[in-house]
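Thanks, everyone. Let me put the structure up, and then I'll walk through it.

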Amino acid sequence: MTAYRPIQARIHLNALRNNLKVVKTFAPKSKVLAIIKSNGYGHGAERVARELAEADGYGVASIDEAIFLRQKGFLHPIVILEGLFSEAELDLAIQHRLEFAVHNWEQLNWLKTSHVTTPLTIWLKLDTGMHRLGFDERDMERVLTAIDRLPMSIHLNLMSHFASADTSDDFTQKQLSIFNRVAQTLNCPKSLANSAGVQRYPQSHFDWVRPGIMLYGACATDEMVPGLQPAMTLASEITSLKWIEAGETVGYGQTWRAERRSLVAVVAAGYGDGYPRCAPAGTPVLIHGQRLPMAGRVSMDMLTVDVTDMADHVALGDEVILWGQGLPVDVIAQACGTIGYELLCDVTQRVPRVEVKD
Ligand SMILES: *Cc1c(COP(=O)(O)O)cnc(C)c1O
């Protein structure tokens, strides 16, 4: 046995595979660009790419994430969703056979002025309302003319991104209709749907869907999708148990006061592991299959739980699930006013990822 702090992030390999199948039942006619940016939403990009080898390609944020996957031996199409950050990245992209978004004139000019003669596959990004990246509809004619005149031959894809397919039907319909207007004029593969689009808007599936969060078994929308399984369980153990008297407080700032004589469990998990400090008292953890409330503030390496209701059957070393199978990450995210995505991405380096089959 080596040195041991009990926290771990279990990565459920079969859950990843299962969730890809769920994507395919939603969008049976589309190819799947599995989104594995930000270290595979915290699950480990290489591991996720390996388990999702049946995807038709991978989507990442930047060229270094793409090159990482190439260096690990993945031969799939890889799309850099934010495109190139500098002209110098073009040679690298070609060297590693990477596809990339083109979302502004500057990026287009890098292609125009380059000496590259290799054919390129680009994902032309249309801004349909997100107003973050992409060309406006009214500029598309000029953009397409510029693409036609590029010195190298271009395999074109058209893409756009939803701003609120999880919540707003009106806005999403508006984005869809702009996308459709432009799509009609182009005879090339098209891609619009993120996870929420996959789940809620079949008419957004087109040639490629781009699911991220649903592959990890977390929610893109308020509705739980039947069949999805959490791909990460963040688990630790009780490392200390202590009775305190009614009226006594627990933790930094004395923010939690015991209303009765209480048994407080210390769990080896804190914001240094990526468990959010903003999680308020009352946020549930799972012990022996039962949800129990956190008491007091999360500290860097520990958090505390009121286990009084389970006093006769808790012991040091008992497993505590912070989120994952049995306790959706979205429950914790909601308690903190954030989204599951952030919690998954924020699990820190010091937490070992342990692969499990289920
Ligand atoms: C992150 C991302 C996705 C995946 O979004 P989810 O909500 O996680 O499914 C799809 N497309 C683009 C362009 C992205 O940046």
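This is a predicted model: local features need pLDDT of at least 70, side-chain atom pairs count only at pLDDT 80 or more; totals for chains, interfaces and linings use all residues.

The chain splits into domain 1, residues 13-216, and domain 2, residues 232-356. Their centres, taken over C-alpha atoms, lie 37 Å apart. Nine residues of domain 1 and seven residues of domain 2 make the contact.

How much area do domain 1 and domain 2 bury between them? About 910 Å², with 55% of it on carbon and sulfur atoms. On the polar side, four residue pairs are in polar contact across the interface, both residues at pLDDT 80 or more. Which elements of domain 1 give two or more residues to the side that touches domain 2? Those are α2 (37-41) and α3 (45-51). By class, that side of domain 1 has four nonpolar, three polar and two charged residues.

Now the charges. Side chains of opposite charge can pair when their charged atoms come close. Between domain 1 and domain 2 there are two salt bridges. Take R47 and E355: they form a salt bridge, and their closest N and O atoms are 2.6 Å apart.

Across the whole structure, the search gives 15 salt bridges.

Start with D136 and R138. Their side chains meet in a salt bridge at 3.0 Å, N to O. D136 is partly exposed, at 23% relative accessibility. R138 is exposed, at 69%.

Next, R142 and D139. Here the closest N and O atoms of the salt bridge are 3.5 Å apart. Is D139 buried or exposed? D139 counts as buried, because its relative accessibility is 18% and the cut-off for buried is under 20%. R142, by contrast, is exposed at 52%, and the cut-off there is over 50%.

Third, R350 and D301. This salt bridge is 2.8 Å, N to O. The pair links distant parts of the chain, 49 residues apart. R350 sits in the loop between α11 (340-345) and β18 (353-356). D301 sits in the loop between β15 (290-293) and β16 (303-306). Both ends are partly exposed: R350 has a relative accessible area of 39%, and D301 has 30%.

One last item, the network. Which residues do salt bridges with shared partners join together? R17, R47, R50, E51 and E355, in one network.

Technical notes:
Residues are numbered from 1 along each chain as its sequence is written. Side-chain values use heavy atoms; hydrogens and water are left out. Domain bounds come from an automatic or database domain assignment. Contact means heavy atoms within 4.5 Å. Buried area is the accessible area (1.4 Å probe) that two parts lose on being put together, summed over both. A salt bridge is a side-chain nitrogen of Lys or Arg within 4 Å of a carboxyl oxygen of Asp or Glu. A polar contact is a pair of N or O atoms within 3.5 Å; within protein, one must be able to donate a hydrogen and the other to accept it, and residues adjacent in sequence count only if both atoms are side-chain atoms. Helices (H or I, at least four residues) and strands (E, at least two) are DSSP runs, numbered from the N terminus. Ala, Val, Leu, Ile, Met, Phe, Trp, Tyr, Cys and Pro count as nonpolar, Asp, Glu, Lys and Arg as charged, and the others, Gly among them, as polar. Buried means under 20% relative accessible area, exposed over 50%, partly exposed in between (1.4 Å probe, protein chains only).
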